[in-house]
Amino acid sequence: RSAQEMKHMENISSLLQGSSPDREAVVAAGEQPWEMIMDKKHFKLWRRPIEGTHLYQYRVFGSYTDVTPRQFFNVQLDTEYRKKWDSLVIKLDVIERDLATGSEVIHWVTHFPYPMYSRDYVYVRRYSVDKENNLMVLVSRAVEHPSVPEDPEYVRVRTYESQMVIRPHKTFDENGFDYLLTYSDNPQTVFPRYCVSWMVSSGMPDFLEKLHTAALKAKKMEIEVRDYMSAKPIESGGSEGKAGVAAAEHKGDGTCSPAQLEYA
């Protein structure tokens, strides 16, 4: 579904090429329209209300030409590296990993703007590299996990979804790609919807720029980032199983050292 949405946005982008873009993105019949709220050189940001709530869903469609899709993809997945480049991170740990599919449960604690409390997220993420269709997909959603009970020090975010699709302009290892990020969460603030919308619409471009800068640093080999494309577990044919992080580090296939596996 994420890949289909990427194709849809590419079609819209080509239709709008060379003309002033509409404030509303074209949507499928019966869907809520997307309202454009930011139009920058490298990306466009839309939002639409989530029915039955006071929240919005957000969508970013953008391009970079100075890093490779592989670098951008790996930097998003590398939790250890993110602790270095994202100053808002308080805690970011892999709680559990599924050995057969590569799915991981993550515990993420992040600063929120003053005077709000810090938020914590427990979410499962899964990624796929589709070489045949030249696509990379990373999806995440909130879950509950017995190893991470609520901490009174943080506000637990129970509603969270994110999908990132990356389309290389050429190949996974040549500079240039388009990406589509679709995102929604319920930060459980007492502030009005327009305040939350402002925080997201201002914070998302800032996050993407930090992510881009981190990918550039990885490209220049200033820091080593795990290659998730080559480390991906086999989707089928392998034995099913789940393991905590410590167990997973001892059950590697020999292609990654324990130090490398910690990057997951």
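The legends below describe close-up views of a predicted model.

**Figure 1. The largest pocket and the residues at its centre.**
The largest pocket of this predicted model has a volume of about 890 Å³. Its lining comprises 35 residues, and those nearest the centre of the pocket are R82, W108, Y183, G203 and F207. Sorted by class, the lining of the largest pocket holds 22 nonpolar, seven polar and six charged residues.

**Figure 2. Secondary structure elements around the largest pocket.**
At least two lining residues of the largest pocket come from each of the helices α2 (69–77), α3 (79–85) and α4 (193–219). The strands β6 (104–110), β7 (119–130), β8 (135–142), β10 (160–168) and β11 (177–185) likewise each supply at least two residues of this lining. Helix α4 gives the largest share, 10 residues.

**Figure 3. Arginine side chains over aromatic rings.**
R82 lies over the face of W108, 4.9 Å from the ring centre. Both R82 and W108 are among the residues nearest the centre of the largest pocket.

**Figure 4. An aromatic cluster and the pair Y121–Y160.**
W108, Y121, Y123, Y160 and Y183 make up one aromatic cluster. Two of its members, W108 and Y183, are also among the residues nearest the centre of the largest pocket. The structure as a whole holds 15 aromatic pairs.

F177 and Y179 form a tilted aromatic pair, with 6.5 Å centre to centre and 50 degrees between the planes. Both of these residues are buried. D178 lies in strand β11. With a relative accessible area of 16%, D178 falls under the 20% cut-off, so D178 is buried. Although D178 and P69 are 109 residues apart along the chain, their C-alpha atoms are separated by 8.7 Å.

**Figure 5. The enclosed helix α2.**
Nine of the nine residues of α2 are buried, so this helix is largely enclosed by the rest of the structure. The buried residues are P69, R70, Q71, F72, F73, N74, V75, Q76 and L77. Helix α2 also supplies at least two residues to the lining of the largest pocket.

**Figure 6. T101 in the loop between β5 and β6.**
T101 is located in the loop that joins β5 (89–98) to β6. Its relative accessibility is 11%, so T101 counts as buried. The T101 side chain makes a polar contact of 3.1 Å with the side chain of S103.

**Figure 7. N134 and its backbone angle.**
N134 is placed in the loop between β7 and β8. Phi of N134 is near 60 degrees, a positive value in a residue other than glycine. Most residues other than glycine have a negative phi.

Conventions. Residues are numbered from 1 along each chain as its sequence is written. This is a predicted model: local features need pLDDT of at least 70, side-chain atom pairs count only at pLDDT 80 or more; totals for chains, interfaces and linings use all residues. Side-chain values use heavy atoms; hydrogens and water are left out. On a 1 Å grid over the protein atoms alone, a cavity is a set of points where a 1.4 Å probe fits but cannot get out, and a pocket is an open set with protein on both sides within 12 Å along at least five of seven lines; lining residues have an atom within 4 Å of a point. Grid points are joined across faces, edges and corners, and a volume is the space filled by probe spheres set on the points. Helices (H or I, at least four residues) and strands (E, at least two) are DSSP runs, numbered from the N terminus. Ala, Val, Leu, Ile, Met, Phe, Trp, Tyr, Cys and Pro count as nonpolar, Asp, Glu, Lys and Arg as charged, and the others, Gly among them, as polar. Buried means under 20% relative accessible area, exposed over 50%, partly exposed in between (1.4 Å probe, protein chains only). A polar contact is a pair of N or O atoms within 3.5 Å; within protein, one must be able to donate a hydrogen and the other to accept it, and residues adjacent in sequence count only if both atoms are side-chain atoms. Rings of Phe, Tyr and Trp (its six-membered ring) pair if their centres lie within 6.5 Å; planes under 30 degrees apart count as stacked, over 60 as edge-to-face and the rest as tilted. A charge sits over a ring if NZ of Lys or CZ of Arg is within 6 Å of the ring centre and within 35 degrees of the ring normal.
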